[in-house]
Amino acid sequence: MAGLSVFFMALTIAMYGLAWFDLADPVLGLIGLIFTLFFSLFFVIVWLLGRSQVRRIKRFLESDRSLVRWTYSSAEWKQIRESRWQEERGDWKIQFGCLTVLLALAGLLTGVLVGVEEGVLQAVGTGGVGLFIGGLVGGGIALVVAGSNYWSARLAHTQSEPGQIALGVDEIYANGNYFKGDGSSSIIQEAKIQRGNPTTLELQILFPPRPRLDREEQWSIVVPTQWVERVEEVLPILGNSDTD
């Protein structure tokens, strides 16, 4: 959200700059300003929700509600970071998908409507300009999203402090991710140990309805050898247990 806010702010300044020299319609600057305010507001809301989540995590970790809790060793944490780094490589790519196409088509249509009163040739010219601007904006958004994904993955990869795990009744903290169930719309549907190299705790979690996100998520938590037995003991409390 911060990246998109900065992107549209720069676009707004550029459009107003061009309008100052009569090279662009001031309406384009106004549109950019609206998008800047929208993403800035969204960023503030997400930031406030994040701070609230951090406070809940701290209260959980400082309480006695956790049944099992451990911190990975440096070697374990390095292996986990490398594995996660490889899994997230696909998120770094620039996705020129539906959004770019839709914005390009919207620009084309807007350009044609603006120029149609002046004739067919004018409509074709303004439509081409609109197509270019729409595609440019869509491509810029895709670039910002890909860059943000890469930056987030890079920060996680370079985090030297080992991650922590805390398992409680309907409450899980795992390497920065936190879940607190309510017994109805958000629950741990299933918890099981998957033996292998490494051994993992597989959690099937149900969340309340969320915009553009699945209600169900699969969490996989690496369990050090010395903690496997203890985790197996608390599985019936976490969810419908199963051991493979």
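Helices (H or I, at least four residues) and strands (E, at least two) are taken here as DSSP runs, numbered from the N terminus. The structure is a predicted model, in which local features need pLDDT of at least 70 and side-chain atom pairs count only at pLDDT 80 or more, while totals for chains, interfaces and linings use all residues. Residues are numbered from 1 along each chain as its sequence is written, and side-chain values use heavy atoms, with hydrogens and water left out.

**Overall organisation**

The chain has six helices and eight strands, and from the N terminus on these elements follow the order α-α-β-α-α-α-β-β-β-β-β-β-α-β. Of the 244 residues in the chain, 32% are buried, where buried means under 20% relative accessible area, exposed means over 50%, and partly exposed lies in between (1.4 Å probe, protein chains only).

**Helix α1**

Helix α1 (residues 2–20) has 19 residues and reaches 27 Å from its first C-alpha to its last, close to the 27 Å expected at 1.5 Å a residue; the expected span is 1.5 Å times one less than the number of residues. Within α1, the residues L4, S5, F7, F8, T12, M15 and A19 are buried. They cover an arc of only 160° around the axis, which puts them on the same side of α1, the arc being that of the directions from the helix axis to the C-beta atoms. An α-helix has 3.6 residues a turn, so residues three or four places apart point the same way. The face of α1 turned away from its buried side carries the exposed residues V6, I13 and W20. After α1 comes D22, whose phi is positive, near 60°.

On the surface, M1, F38, F42, F43, V44, V46, W47 and L48 form a nonpolar patch with about 750 Å² of accessible area together. Such patches are made of residues with over 30% relative accessible area and no salt bridge, with nonpolar side chains (Val, Leu, Ile, Met, Phe, Trp, Tyr) joined within 5 Å and like charges within 9 Å. A salt bridge is a side-chain nitrogen of Lys or Arg within 4 Å of a carboxyl oxygen of Asp or Glu, and accessible areas come from the Shrake-Rupley method with a 1.4 Å probe, only the protein chains shown counting as cover for residues.

**Aromatic pairs**

A search of the whole structure finds seven aromatic pairs, meaning rings of Phe, Tyr and Trp (its six-membered ring) whose centres lie within 6.5 Å, with planes under 30 degrees apart counted as stacked, over 60 as edge-to-face and the rest as tilted.

| Pair | Centre to centre | Angle between planes | Class |
|---|---|---|---|
| W70 and Y72 | 6.2 Å | 80° | edge-to-face |
| Y72 and W77 | 6.1 Å | 15° | stacked |

Ring pairs link W70, Y72, W77 and W227 into a cluster.

**Contacts across the sequence**

A106 lies in helix α4 (residues 98–115) and is partly exposed at 38% relative accessibility; A106 and G130 are 24 residues apart in sequence and 7.7 Å apart in space, C-alpha to C-alpha. R154, in helix α5 (residues 120–157), is partly exposed with a relative accessible area of 36%, and R154 and W85 are 69 residues apart in sequence and 7.8 Å apart in space, C-alpha to C-alpha.
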